[in-house]
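Dear colleague,

Please find below the structure that I am handing over to you. My findings are set out after it.

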Amino acid sequence: MTEIPEHLLKRSAARRGKSTGDEGSSGDASPSAAVEASASSGPSQPPAVVQAAAAIPRDPEPEPAKPVPSFVEAALSRKRMPMWAMAIPFFALLWAYSFAGTMQQPEVEDPLFIESAALYGSQGCAGCHGAGGGGGIGYGFTDGEVYATFPEPIDQIVHIARGSAAISGEQYGDGARPGGARVAGARGVMPNYDTGAITQNELELIVFHERATLGGEDTSSEAYQEWMEHMREVAEGILPDHAVDLELFLSCANPEYTPGASGNPEDPEECPGPHHSEDEEVASE
Ligand code: HEC
């Protein structure tokens, strides 16, 4: 059975005390009866209860409202976090997850992505082309820009190894690219990287970063996947790395896109980048 809360008893007692004095001869005035009456009568208390409450001996001097302790008052007046605000961390997490998906987050775990991104930063590319490849002093690599210039990685590899001063004034890349053909020197100087500062595999990794990570190039073809696997194995020391060899690269590159290229390598297997032609040969066998 319900008990009348202490403070209600006090309050009603106080009210009684103030207003009418003694008009309580109606009914049984014993505390237990009062309690029972209130339990059956619900929230609105009949006078009998009020009166009975006043008669409870352990509550001799009925006080008006107790002063609220300062810490309670502080707690009541303090601004509370609204209910909806509790959902914010949840949605932030959700957003982070969906965003991570679009940014190919799982692949970032791959050492190939980590190492190629680190090289892009440490070799100064990021300084002139933007950390995100958005461009700066040099051209941007995002939105397909870089593979519009160089349909195949090998021609880009040559361009970075040789730099732009060596072919100043000459057209390079795909002449039919949207936005117009590239002319070396038109935008400044792209430094050459055949100085021994980086190895062939490091150069390939940087090109991979510019194309796949920054440029969003489709990496799903078998040839591309094999190229990635090859870079991974060289990076892990399973296969040997080589010095940057501009002569070799020029023999591999496409003369249509690269001034001075022959497109006729002694051993196509030695050429950096995906090996499409062999894939096609294998497929047609
Ligand atoms: C000192 C600034 C600077 C640095 C460092 C630099 N670049 Fe460049 N890069 C340029 C400039 C300027 C151009 C355009 C040059 C021209 O007009 O021929 C360019 C052009 C390019 C192009 C041709 C893009 C196109 O669409 O025509 C590629 C690819 C490139 N850089 C890659 C790299 C890579 C990779 C690195 C790091 C290994 C790097 N750059 C470091 C300034 C820089």
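This is a predicted model: local features need pLDDT of at least 70, side-chain atom pairs count only at pLDDT 80 or more; totals for chains, interfaces and linings use all residues.

For reference, ideal angles for six octahedral donors are 90 or 180 degrees.

Helices α11 and α12

Helix α11 (residues 200-214) and helix α12 (residues 222-235) have axes that come within 10 Å of each other and cross at roughly 135 degrees. The two helices are therefore oblique to each other, and the crossing of α11 past α12 is left-handed. On the α11 side the contact is formed by N201, E204, L205, V207, F208, R211 and A212; on the α12 side, by Y224, W227, M228, M231, V234 and A235. By class, this contact comprises 10 nonpolar residues, one polar and two charged.

Helix α7 against α11

Helix α7 (residues 111-122) packs on α11 at an angle of about 100 degrees, and their axes are 8 Å apart. An angle between 65 and 115 degrees counts as roughly perpendicular, and α7 and α11 are therefore described in that way. L112, F113, E115, S116, A117, L119 and Y120 of α7 touch E202, L205, I206, F208, H209, E210, T213 and L214 of α11. Nine of the residues in this contact are nonpolar, three are polar and three are charged.

Helix α7 against α12

The axes of α7 and α12 come within 10 Å and cross at roughly 75 degrees, so these helices too are roughly perpendicular to each other. Here L112, F113 and E115 of α7 meet M228, M231, R232 and A235 of α12. The contact of α7 with α12 contains five nonpolar and two charged residues, with no polar ones.

With kind regards

Key
Residues are numbered from 1 along each chain as its sequence is written. Side-chain values use heavy atoms; hydrogens and water are left out. Axes are lines fitted to C-alpha atoms, for helices over the stretch in contact, and angles run from 0 to 180 degrees between N-to-C directions. Helices (H or I, at least four residues) and strands (E, at least two) are DSSP runs, numbered from the N terminus. Angles under 35 degrees count as roughly parallel, over 145 as roughly antiparallel, 65 to 115 as roughly perpendicular and the rest as oblique. A crossing is left-handed if the near helix is turned anticlockwise from the far one by less than a right angle, and right-handed if clockwise. Contact means heavy atoms within 4.5 Å. Ala, Val, Leu, Ile, Met, Phe, Trp, Tyr, Cys and Pro count as nonpolar, Asp, Glu, Lys and Arg as charged, and the others, Gly among them, as polar.
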